[in-house]
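Thank you all for coming this morning.

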Amino acid sequence: MSYLNDEKIKFLEEKANAVRMSIIEMLLAAGSGHTAGPLGMADIFTALYFHILKHDPKNPEWPERDFLVLSNGHICPVQYAAMAHAGYFPIEELLTLRKFGTRLQGHPHREKLPGIEVSSGPLGSGLGQAVGIAIGLKMDKKPNQVVCIMGDGEQDCGIVWESLMLAGKHHLDNLTVVIDRNNIQIDGMTEDIMPLEPMRAKYEAFNWHVIDLNAHNFQDINSAFEEARGIYEKPVILLAHTIPGKGIPEIEFDYRWHGNPPGKGPGDIIPQPEQGKKFLDELRTLGGKIKGEHQ
Amino acid sequence: MPTNPQMKLAENLLDLNTVKQEPTRMGFGLGLVQAADENPNIVGLCADLTASTKMDDFAKKYPSRFIQMGIGEQNLAVTAAGLSAVGKIPYITSYAMFSPGRNWEQIRTTLCYNNSNVKVVGSHSGVSVGPDGATHQAIEDMAIARPIPNMTVFAPCDSVEGKKIAYAVSKFYGPAYIRYTREKTPVITTEETPFELGKAQVFWFEPEGKKPDVAIIACGPLLHNAILAASALEREGLAVRVINNGSVKPMDEATIVQAARDAGAVVTVEEHQTAGGMGSSVAEVLAKNFPVPIEFIGVQNRFGESGEPNELIEVFGMGVTHIIEAVKKVIARKNA
């Protein structure tokens with residue numbers, strides 16, 4: 001992790017777009033899975049695997065690695081895609097997502113895929129595991145950092161608040177939690193389903209340091225992680241303001257794309273078999289907005 | 001008396017006036033400290049019941065390896081999974097009703113699916129918890145722990161075996177559930193009693209040269225009632241074999257099937273719902289290998305209630321006389 005110059009930012013933007021295209025290709029091949037969350041978190045995962053985390057794709061068990069724990073396991077296509085582009089396994093393997101015999105289970109399984117630290121999917125259970133890892137590292141006076149990715153919807157789970165309390169009690173300054181604040185969950189908008197705000201005040205009351213960031217701006221992402229590393233005696237929450245479905249304008253902000261793959265369409269949208277191809281075209285041209293060199 | 005001499009059981013175990021009485025959970029506390037003395041990776045996590053679950057000696061001796069979790073049993077399980085991911089061997093304690101009761105899904109996903117090296121310790125199992133009543137009497141815990149892949153399940157019969165199991169589970173990698181009890185109960189075994197995880201042991205043999213009329217297969221402190229019943233039945237001329245089946249999963253199928261072959265009739269005894277527990281597991285093994293008539297001693301599809309421990313054992317049909325009745329009934333079924 002270091003200062004991002006223009007060249008590095010361009011590199012990360014291109015990688016993030018490649019990750020988004022892989023996500024759409026995987027979901028098309030799988031015929032099921034979640035679309036909005038993985039697209040919204042593509043920039044964060046790209047930043048993590050290509051700039052922020054200390055890791056070695058050829059040696060996933062490297063003792064000096066940082067630990068990445070994905071709590072909202074259903075957005076795993078974005079983690080798988082970022083891992084493949086980073087060199088953990090061949091990019092072609094992404095097309096095995098959710099198929100029998102795959103290492104890329106519908107929700108990630110620790111024992112299947114090297115580089116996955118914990119199995120996850122049932123919401124709320126990732127944070128406590130990350131807290132356990134962080135406490136264990138501190139017991140052994142090890143410098144590794146722990147990053148935990150969570151959804152905003154899973155803040156509904158009671159267990160999350162048990163884990164938040166424990167992390168505050170243990171002053172886990174080796175733990176950074178990224179909350180994907182995309183404002184959607186399966187049944188609708190988070191503030192309609194179960195209001196979460198005021199989020200900052202809640203986490204601060206639980207003895208966490210809170211940083212808001214624009215999760216689609218690499219400079220902002222990088223600064224937030226740098227600030228987090230500078231906080232002592234407290235764990236840090238990055239409230240990552242994301243656009244669900246980011247990169248494909250027609251599905252951005254639409255909660256109905258939370259749990260549906262391209263081509264299947266949400267319940268009240270007529271399925272469009274050509275949708276996947278159209279989404280990929282949009283990503284190739286970034287919605288027709290830009291940029292020759294991305295094509 | 002035909003207790004198995006190789007088992008080196010307590011000599012006075014039939015004498016209720018002199019037999020030593022201790023709660024099985026006391027053995028847990030000793031076994032944990034013994035394991036922790038040898039292995040610095042062992043850590044202890046407790047959900048605000050450190051003294052009742054007997055984790056207090058460990059917490060005092062190794063304060064930097066003890067984590068007070070507060071009343072958060074779900075977090076208890078998942079935090080332990082995280083600690084296991086960085087090489088620790090966590091023991092997690094609460095009442096069995098709350099762990100593995102309240103946190104079952106976290107145990108399934110983060111301990112068992114993850115294949116974490118975490119030992120789940122549930123104290124206060126059974127109706128013998130007594131006055132606290134049904135909310136705190138775990139009698140479904142083995143039924144929910146047993147079917148989960150990777151999970152192992154143990155039910156020690158006394159404090160001495162409880163100590164040995166607490167120590168032994170630290171020696172293998174993987175999740176384990178051990179059920180302990182609150183009340184003082186007779187100490188059946190001794191330090192010299194041979195012990196191996198996964199083995200059932202014959203504690204009481206039929207008289208030499210006779211075939212057993214019945215095999216009583218028991219786990220937990222009720223094993224003592226099974227032995228008292230065997231002693232009474234022997235005085236009536238019946239030949240009985242009593243097996244300590246505290247390793248509920250993995251179960252020692254060979255010893256169980258051999259007992260069914262030799263006796264042709266089985267009674268299972270456990271302080272647990274008869275649905276889904278140790279007896280059900282015995283029935284699964286025998287149905288597949290050597291079906292014989294079985295009677296099940298345990299709680300019959302009821303919730304517990306407040307009362308004195310011994311009183312509740314009688315009310316819920318798990319006393320010595322109930323075992324004797326079940327033996328006679330199963331022998332009659334065999335001979336019908």
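The centres of domain 1 of chain B and domain 2 of chain B, taken over C-alpha atoms, are separated by 25 Å. Domain 1 of chain B covers 5-19 + 194-335, and domain 2 covers 21-186, with bounds that come from an automatic or database domain assignment. Please keep in mind that this is a predicted model, in which local features need pLDDT of at least 70 and side-chain atom pairs count only at pLDDT 80 or more, while totals for chains, interfaces and linings use all residues. Residues are numbered from 1 along each chain as its sequence is written, and chains are lettered from A and ligands numbered from 1 in the order in which they are written.

How many residues does each domain of chain B give to the contact? Domain 1 of chain B gives 34 residues and domain 2 of chain B gives 30 residues, where two residues are in contact if their C-beta atoms, placed from the backbone, lie within 7 Å. On the side of domain 1 of chain B that touches domain 2 of chain B, at least two residues each are supplied by α7 (223-235), β12 (247-249), β13, α9 (278-289) and α10 (309-315) of chain B; these helices (H or I, at least four residues) and strands (E, at least two) are DSSP runs, numbered from the N terminus. By class, that side of domain 1 of chain B has 17 nonpolar, 13 polar and four charged residues, with Ala, Val, Leu, Ile, Met, Phe, Trp, Tyr, Cys and Pro counted as nonpolar, Asp, Glu, Lys and Arg as charged, and the others, Gly among them, as polar.

Let us turn to a sheet. In chain B, five strands form an open sheet with mixed pairing, in the order β9-β11-β10-β13-β14, and two strands pair if DSSP finds at least two bridges between them. Because β9 (201-204) and β14 (294-299) of chain B stand at the edges with a single partner strand each, one side of each is left without a neighbour in the sheet. Three bridges join β9(B) to β11 (residues 240-244) of chain B, and these two run antiparallel, with B:Gln201 standing opposite B:Asn244 in β11(B). Helix α8 (residues 253-263) of chain B packs on the sheet, where it touches β10 (214-218), β11 and β13 (266-273) of chain B, and its direction makes about 155° with that of β10(B); axes are lines fitted to C-alpha atoms, for helices over the stretch in contact, and angles run from 0 to 180 degrees between N-to-C directions.

Next, the two chains together. The contact takes 22 residues from chain B and 21 residues from chain A. The largest share of the side of chain B that touches chain A, nine residues, comes from α3(B). The axes of helix α6 (residues 158-169) of chain A and α3(B) come within 9 Å and cross at roughly 65°. In this pair, A:Ile159, A:Glu162, A:Ser163 and A:Leu166 in α6(A) meet B:Gln74, B:Asn75 and B:Thr79 in α3(B).

Chain A has 10 helices and seven strands, and its C-alpha trace spans about 55 × 45 × 40 Å along its principal axes. Chain B has 11 helices and 14 strands, and its C-alpha trace spans about 60 × 40 × 35 Å along its principal axes.
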